[in-house]
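Please look over the sequence and the structure shown here. The report after them is meant to be read with both in view.

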Amino acid sequence: MMRERQRREKLSQSYADLYAMVSSRSKGDKNSIVQSAAIYIHELKGARDQLQRRNEELKAKIMGHDEQQQCVKVQFEVDEPSSSIDSMIGALRRLKSMNVKTRKIRSSLSGRSSLSGNRLWTEMNVETTIAACEVEKAVEEALKEVERKQPDSDAPFPGSRGWTQTSHVQNVF
């Protein structure tokens, strides 16, 4: 009997605490208190969701991109580039002309120790509203154009034996 009395007192205290939080929304009876608390919790969840959406919008604004932009990772390799610097500049110029924002670039040369190595490997994170496959095609075309324009007669041309170029695009977020 003593435990039952303590349980009822604890339950009454809990209703009183809940009523103190939602008093302007309910009558004093237990059913009204619980209903008002449920409605209030539902409203708070809606407000939380709205604040989370607003927070994501503000993060995107701070990072400098809008909701329609996607961030993609562009990877490409060029075997035997005539000039790895010209290849990078050509790819970046093409992306700039497409209004693609480059966020991060990682690149490495393997082979010879000079600025034109045997293989140029590059990975770029870019923001774009353009389809990822279109970005990939543009980078491939830019790299081929750079190779065609090189005056070095020893450099193989796109499509000739010895010159290979591969690229890959994937969504980052």
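## Basis and confidence

This is a predicted model, in which local features need pLDDT of at least 70 and side-chain atom pairs count only at pLDDT 80 or more, while totals for chains, interfaces and linings use all residues. Residues are numbered from 1 along each chain as its sequence is written, and side-chain values use heavy atoms, with hydrogens and water left out.

The pLDDT is the predictor's confidence in each residue, on a scale from 0 to 100. Its mean over the protein is 76, and 77% of the residues reach 70 or more. Where pLDDT is low, the predicted coordinates should not be read in detail.

## Helix 4

Helix 4 covers residues 132-149, 18 residues in total. From its first C-alpha to its last it reaches 26 Å, close to the expected 26 Å; the expected span is 1.5 Å times one less than the number of residues.

Several residues of helix 4 are buried, among them Ala132, Val135, Ala138, Val139 and Ala142. Leu143, Val146 and Glu147 are also on the list. Buried means under 20% relative accessible area, exposed over 50%, and partly exposed in between, with a 1.4 Å probe and protein chains only.

## Salt bridges

The structure holds nine salt bridges, each being a side-chain nitrogen of Lys or Arg within 4 Å of a carboxyl oxygen of Asp or Glu. One of them joins Glu4 and Arg8, at 3.9 Å from N to O. Both residues lie in helix 1 (residues 2-22), four residues apart, which is about one turn of the helix. Glu4 is partly exposed at 34% relative accessibility, and Arg8 is partly exposed at 46%. Glu4, Arg7 and Arg8 are linked in a network of salt bridges.

Arg94 and Glu145 form a salt bridge at 2.7 Å, N to O. Arg94 lies in helix 3 (residues 84-97) and Glu145 in helix 4, so this pair ties together parts that are 51 residues apart in sequence. Arg94 is buried at 17% relative accessibility, whereas Glu145 is partly exposed at 30%. In another salt bridge, the closest N and O atoms of Arg106 and Glu123 are 4.0 Å apart. Strand 2 (residues 101-110) holds Arg106 and strand 3 (residues 119-128) holds Glu123, so parts 17 residues apart in sequence are tied together. Arg106 is partly exposed at 42%, and Glu123 is buried at 9%.

Ser32 lies in helix 2 (residues 30-63) and is buried, with a relative accessible area of 12%. Its side chain makes a polar contact with the side chain of Asp29 at 2.7 Å. A polar contact is a pair of N or O atoms within 3.5 Å; within protein, one must be able to donate a hydrogen and the other to accept it, and residues adjacent in sequence count only if both atoms are side-chain atoms. Not counting residues up to four places away in sequence, Ser32 touches Ser26 and Lys27.

Cys71 lies in strand 1 (residues 70-79) and is buried at 6% relative accessibility. Cys71 and Lys101 are 30 residues apart in sequence, and their C-alpha atoms are 9.2 Å apart in space.

Definitions and conventions:
Helices (H or I, at least four residues) and strands (E, at least two) are DSSP runs, numbered from the N terminus. Contact means heavy atoms within 4.5 Å.
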